[in-house]
Amino acid sequence: FVLAPQCPAGSDWTRAATTAQVERLLAALLEEQPIDPRRIILTGLSSGGFMCWHLAARQPSLPAAILPICGGGNPRTAPLLRSLPIWAFHGDRDPTVDVASTRTMIAALRALGATPRYSEYAGAGHAIWDRAYTEPELIDWIAAQRR
């Protein structure tokens with residue numbers, strides 16, 4: 001199953017009401033569909049990348065892993081995510097979302113002893129999702145993730 005919710009106009013993924021909508025949708029799908037709850041992978045682009053970090057911090061036992069692309073997290077939530085498999089991506093010349101938002105999150109996790117993967121693409125801007133989703137090891141890494 002692939003679920004690709006779109007952020008409502010005039011909102012952002014880190015607003016409590018928007019996050020709650022996604023949480024309700026996921027809960028309903030898990031109840032209604034034959035989805036293995038141990039294999040949920042969160043990924044998102046840009047504001048969706050922020051949502052990955054945010055939702056995982058709100059419900060650390062939900063995802064098996066997260067793949068945020070061009071979206072940073074709140075370093076204060078790093079303790080909640082320290083045991084979660086993470087592979088984050090960002091372009092070092094991103095004019096839309098400052099690469100520091102991902103670098104800071106990765107540094108906070110590593111300071112806690114976590115071992116997130118981080119791919120930062122030299123000279124790349126914001127539109128790196130094609131490159132990230134075609135990383136040679138990505139499919140095998142996703143397939144290996146289970147809670």
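**View 1. Glu-23 in helix H1 of a predicted model.** Glu-23 belongs to helix H1; helices are DSSP runs of H or I with at least four residues and strands are DSSP runs of E with at least two, numbered from the N terminus. The model is predicted, so local features need pLDDT of at least 70 and side-chain atom pairs count only at pLDDT 80 or more, whereas totals for chains, interfaces and linings use all residues. Residues are numbered from 1 along each chain as its sequence is written, and side-chain values use heavy atoms, with hydrogens and water left out. Glu-23 counts as buried because its relative accessibility is 15% (buried is under 20% relative accessible area, exposed over 50%, partly exposed in between, with a 1.4 Å probe and protein chains only). Not counting residues up to four places away in sequence, Glu-23 touches Leu-55, Arg-58 and Gln-59, where contact means heavy atoms within 4.5 Å.

**View 2. Helix H1 and its cover.** The buried residues of H1 are Thr-18, Thr-19, Ala-20, Val-22, Glu-23 and Leu-26. H2 is included in what covers them. The end C-alpha atoms of H1 are 24 Å apart, in agreement with the 24 Å that its 17 residues should span at 1.5 Å a residue (the expected span is 1.5 Å times one less than the number of residues).

**View 3. The largest nonpolar core.** A nonpolar core is a set of buried Ala, Val, Leu, Ile, Met, Phe, Trp, Tyr and Cys residues joined through side-chain atoms within 4.5 Å. Among the 23 residues of the largest one, Leu-42, Trp-53, Leu-55, Ile-66, Leu-81, Ile-86 and Leu-109 touch the most other members. H1, H2, helix H3 (78–81) and helix H4 (100–111) each give two or more residues to this core, and H2 supplies the largest share, 6 residues. Leaving aside neighbours within four places in sequence, Leu-55 is in contact with Thr-19, Val-22, Glu-23, Leu-26, Leu-42 and Leu-62.

**View 4. The largest pocket.** The volume of the largest pocket is about 850 Å³, taken as the space filled by probe spheres set on grid points joined across faces, edges and corners. A pocket is an open set of points on a 1 Å grid over the protein atoms alone, where a 1.4 Å probe fits, with protein on both sides within 12 Å along at least five of seven lines; lining residues have an atom within 4 Å of a point. Of its 28 lining residues, Val-2, Leu-3, Ile-41, Leu-42 and Thr-43 are the closest to the centre. Val-2 is exposed, with a relative accessible area of 83%.
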